[in-house]
Amino acid sequence: MSAPPLLFAFEGFAWFLAPLIPALIALYFLKLKRRTVLVSSTLLWKRSIEDMRANAPFQRLRRSLLLLLQLLALLGLIVAASKPILMGWSSGGRSILLLIDRSASMNTREDGGTRLDAARREALRLVDGLVAGDRLAVVAFAQRAEVLQPLTADAALLRRTIESITPTSLPTDLPAALSTAQAMAESLPSAEIFIVGDGCYGELAGLPLELRRFGLRYVGIGRASENIGIVELDVRRGFGSRGRVELFAAVGNYTRASRSVGLGVYQGERLLAAAEMEIPAGETRPHTFDVSRLSIDGGETSAHLKLEISEGGSLPDDDRAFVRVAPPERLAVLVVGDPNGFLDRALAVLPQVDASRMALAEYAALVREGKITPDAARVVIFDRAAPPVAPASAPGTGLVPPPHQPALYLGCAPDLPELAEGRKPELVKSPIIVDWDRSHPVNRFPAYADLRIVESLGFGPSRVYRSLIDAPQKSIAGTVSLQPQGGPPVRAIIVGFDVLKSNWPLLHSFPVFIGNAIEWLGAATEGEALPRYRTGEILSRRAPEGNAPGLSFRDPAGRDHPAIPEVSGRIAFATTSRTGIYELRSGGDVVDSFPVSLLSSRESSIVPQSEIRFGSEAVAGQAAATLQTRDLWKLFVLGALGLLCLEWWVYNRRMHC
Amino acid sequence: MPLLDEEFVAKIKGLELVSRKIIAGQRKGERRSKRRGQSTEFADYRPYVAGDDLRFLDWNIYGRLDRLFLKLFEEEEDLWLHILIDRSRSMRFGEPDKFLYARRVAAALGTIALQGTDRVRVASFAGGLRPVIGPASGRRQIPRLLDALERLETDDEGTTDLARSCREFAMARRPSGIVVFISDFFDRCGFEGALRYLLSGGSRSEIYLLHVLASEETDPPLSGDLKLLDCEDGLDADVSMSPALLGAYRRKLEAFRGEIRDFAARRGMHYAFAPTAVPFDLLILDHLRRRGLLR
């Protein structure tokens, strides 16, 4: 890449300010301050002027040294505002912040190496070009920016740092990296920020004002390469038929021609499903696989599926993606209250639900003894019998007695100060249903227009309450979500009326509502790992119960990272920088596993960009060798000031001599 | 400050006006006249006609030729000095101003004339002619002349109209003599027509043109971007002073003087350039004497 010897960082400024020159000339004519001098006669002067055409505009301009000096000074200021930069020549004393892109797209294989290798070479070339007084800092960035080396003039140290930059499969967040660079540069009188990367940074907003005072340069890496990648993957069990497992995938074609791609879903080495897709150039196509054939052994907590594409192109990271399929889980539901045949029948038809019933007194005794475990009752239904709550309970814990499972209240309400902002729910006689929240998962499919109720508790608006079913002025059913101090989030569904004092059990909306409510509440436990993660996302789950010694996360490369449970009882792992299966281990046994894939259309689109566009502004790519630069704007400003001083001197000399 | 100081008056005491032409005066004076008269200077003979004064018969001729001839003697008459002073606003220009310079010249010439037997008439002009004094003769009129000249002021209204002023001068019945025309000749309508009026009285008058210019006009001390305003008609000229423009101006001024000089020379008039930079007494005592106006 050959660069001009002189370039302008803010070239647009020059075009913006250029009209000032004709404006100055126009002002010269319009505002020329002529001293009036009384003479005996202008007879001879007129003849003289006619003789030499002294009043012709260009004659006047030619003779006006002042205007010439003013024009030169203005030109100097305009050029200075455009921030001229002399390339290939450095005066030393610069502070350079070198941002090296190590996102997934930099793993693209080109010319026998990866783009990151090429970026390292360009960075080393830059280090070689440092002159005495120059200092350089190395920042590697992808989703986050990491300062690998603060400002130093030690070239050997810089080389070692640059060579040690490891690749990642993370998405890119250039604005975050620029914020880091800005924070570093703020304490410096002047700094230059060099970005070495492939420019695959997506749509960026305009360059922040704070960054404009720094010289921003871009060294473009990579050449046109083609890639096909998996950009989305998910798994779900069929509704009402939990034995059916579907794998949803989306594949993007980032080449210039339509491509036929073969896809295979594997469990280990076993091919579960395969497909061939024709994907037009630049487009993404979805495909759904039926993977019900997968097998989960009794001892395993989950199965991992791998989706792989053939002929994936230059970037290997997006050629395979992983997903975790948990075995169809049975949900233990505890119903507290007197017998209720309608509710029992509604629960009985739900697959995967194991319902049990006990009286309120028995439940209260078990709670006191601490014998209710989350596994024994994943969801609790309080049927017309609200649980007693100890007065000393911490705020929020009154929603459900320990261990604070999600709960469904039918015909009763928890004694919760946060609910209705401390006001007791009012009793509403024969409420008429006026509306219901159709967007809520619990209200998927049911309709309540035919619902007739004798009486119901009515709830007012509250910060923690979201209405599901509305009567005039009051809500008769809704959800409550709370985040108690030091504990996991708790949520509940409250139905304010006794279902036996309504026609609801006779309507088809009743069993659907109960099914939806239990599914929604059961999913809220968030105890387990999600089906799939993207690189950079935090792996999080509830810490294993009981004594689990030596908890650690093992990354796909086989390195172990200690895992320490948080106060909330969860454990997390944040450095998911490579794709693959991450395992949570306890004393050598795998407790849980987390499939991590790239799944990023921005990273899969690996066409390198010759410039980085910040809104309407563009920073053009340059070769590293040309980045030995020197800002010339100060010289132009000094020159313009000098010319203005000279102009002032000439003016005064004319006026007073 | 009087127009003439005593030292200068003493210096001009012995001076008198010189006319190279014999001009007919109105009264007997000290000047030779074209009229044949009763002076002792013999002029010519002419045949006797009836009615001639028998006292002037040359009896010696009659004795020799037996014919009656009358002896003619040159009559000595007084000399008229007409002084025309430009009192337009442009004359107020310069340091010292041209008007003062012109009045002092007029005062000096008038005083010299009145010291002798010459008769003096002074008029000023701008848009038209206006008498200042005259006719006057005799030493006793000198204070009156000086007083009139001292009180003379420039015309602050209107512009110079040389042609009209000279036409009025020509139309007035006036005896021939010496006409001294003192002006800066700045008239947009030109000077030629005006000077032709001066000549219309016949070639017997001797006309002196004194071209008075201030040093600010001969060598303008101007620089920068200026709006030059004409003090008479208010016409302006936007100029950006430069050496080239000043050079052009000087060339134009030289050409202007040359035009007047040539015009005058072709018509038997005398042109004298009188820049105010030249001391007034030097002009009178030296330059005008060398020009032959005084002796």
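In the predicted model, 26 residues of chain A are in contact with 31 residues of chain B, contact being defined as C-beta atoms, placed from the backbone, that lie within 7 Å. Strand S2 (35–39), helix H3 (43–52), helix H4 (57–63) and helix H14 (633–656) of chain A each give two or more residues to the side that touches chain B; helices (H or I, at least four residues) and strands (E, at least two) are DSSP runs, numbered from the N terminus. H3(A) gives the most, with nine residues. This side of chain A divides into eleven nonpolar, seven polar and eight charged residues (nonpolar: Ala, Val, Leu, Ile, Met, Phe, Trp, Tyr, Cys and Pro; charged: Asp, Glu, Lys and Arg; polar: the others, Gly among them).

S2(A) also pairs with strand S8 (residues 225–230) of chain B, in the parallel sense and over five bridges; pairing requires that DSSP finds at least two bridges between two strands. A:Val37 stands opposite B:Leu228 in S8(B).

Within chain A, helix H6 (residues 115–128) and helix H7 (residues 155–163) pack at an angle of about 175 degrees, with their axes 10 Å apart. Axes are lines fitted to C-alpha atoms, for helices over the stretch in contact, and angles run from 0 to 180 degrees between N-to-C directions. H6(A) and H7(A) are therefore roughly antiparallel (angles over 145 degrees). H6(A) contributes A:Arg120, A:Ala123, A:Leu124 and A:Val127 to the contact, and H7(A) contributes A:Ala155, A:Leu158, A:Arg159, A:Ile162 and A:Glu163. Six of these residues are nonpolar, none polar and three charged.

Residues are numbered from 1 along each chain as its sequence is written, and chains are lettered from A and ligands numbered from 1 in the order in which they are written. As the model is predicted, local features need pLDDT of at least 70 and side-chain atom pairs count only at pLDDT 80 or more, while totals for chains, interfaces and linings use all residues.

Definitions and conventions
Angles under 35 degrees count as roughly parallel, over 145 as roughly antiparallel, 65 to 115 as roughly perpendicular and the rest as oblique. Two residues are in contact if their C-beta atoms, placed from the backbone, lie within 7 Å.
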